[in-house]
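Me: I am new to this structure and would like to learn how to read its features one at a time. Could you take me through a few of them?

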Amino acid sequence: MFLVLEGLAGCGKSTISGFLETHGWLRLSPPGSEFDEARRRLDEDVLGLEARHLLFAAGIARAAESVTGALLDGRNVVADSWLYRTNATHVVLGSRLGPIQMPWLPVPEVVLFLDCPEDMRRSRRRSRGSRDSFWKAQCEQRSREIRSYYLDNYPELALIDAGLDTDSVMASVKEHLNS
């Protein structure tokens, strides 16, 4: 099974994917750590939106190999974001590349959009205590537009109420995995 969790920062993607990882799933968070230094630089580069868009797409392309290998080995895979997020965030922020298409990517069997009230999501983000990079701050300022882009452009997303306690959210995730 290949599951993708989508949603805005603070909606619970890492919590849910971390739970699945403790139950034997391969967890991916593209772009991977091999892109950390480039990402740090591009996250603060005011003129680097398209380069950042490409970096995230490259991270997805790199993760595709791990997804394919794990699925061939009979392992379940969860990605806490995929090309959906890469396109939603960068297109809304004004990337001139438009939505990047990679038809050869592994296609997830289930794509869930974790959604919670804005005040809860922002509170979760504040509790992390980390400073937003330039582009992360831009995403936060345009979070409503990014959410709308997801819902308007990806009808395959199943909406999950992530404003509930973790056990209830996991129960909803399991329902979608078993349907």
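**Reading a predicted model**

Reply: Let us begin with a single residue, keeping in mind that the model is predicted: alanine 64 is found in helix α3, which covers residues 49–72.

Me: Is alanine 64 buried or exposed, and why?

Reply: The idea is to compare relative accessibility with a cut-off, where buried means under 20%. Alanine 64 has 5% relative accessibility, so this residue counts as buried. Leaving aside neighbours within four places in sequence, alanine 64 is in contact with Trp82, Trp104, Leu105 and Pro106.

Me: Which residues touch the most other members of the largest nonpolar core?

Reply: They are Trp82 and Tyr150, in a core of 31 residues. The largest share of this core, 7 residues, is supplied by α3. As for tyrosine 150, once residues up to four places away in sequence are not counted, this side of the picture includes contacts with Glu6, Tyr84, Phe113 and Leu157.

Me: What should I look for in the backbone?

Reply: Proline 31 lies in the loop between β2 (26–28) and α2 (36–43). Turning to phi, serine 81 has a positive value of about 125 degrees although this residue is not a glycine. Serine 81 is found in the loop between β3 (77–79) and α4 (83–93), and is buried, with a relative accessible area of 5%.

Terms used
Residues are numbered from 1 along each chain as its sequence is written. This is a predicted model: local features need pLDDT of at least 70, side-chain atom pairs count only at pLDDT 80 or more; totals for chains, interfaces and linings use all residues. Side-chain values use heavy atoms; hydrogens and water are left out. Helices (H or I, at least four residues) and strands (E, at least two) are DSSP runs, numbered from the N terminus. Buried means under 20% relative accessible area, exposed over 50%, partly exposed in between (1.4 Å probe, protein chains only). Contact means heavy atoms within 4.5 Å. A nonpolar core is a set of buried Ala, Val, Leu, Ile, Met, Phe, Trp, Tyr and Cys residues joined through side-chain atoms within 4.5 Å.
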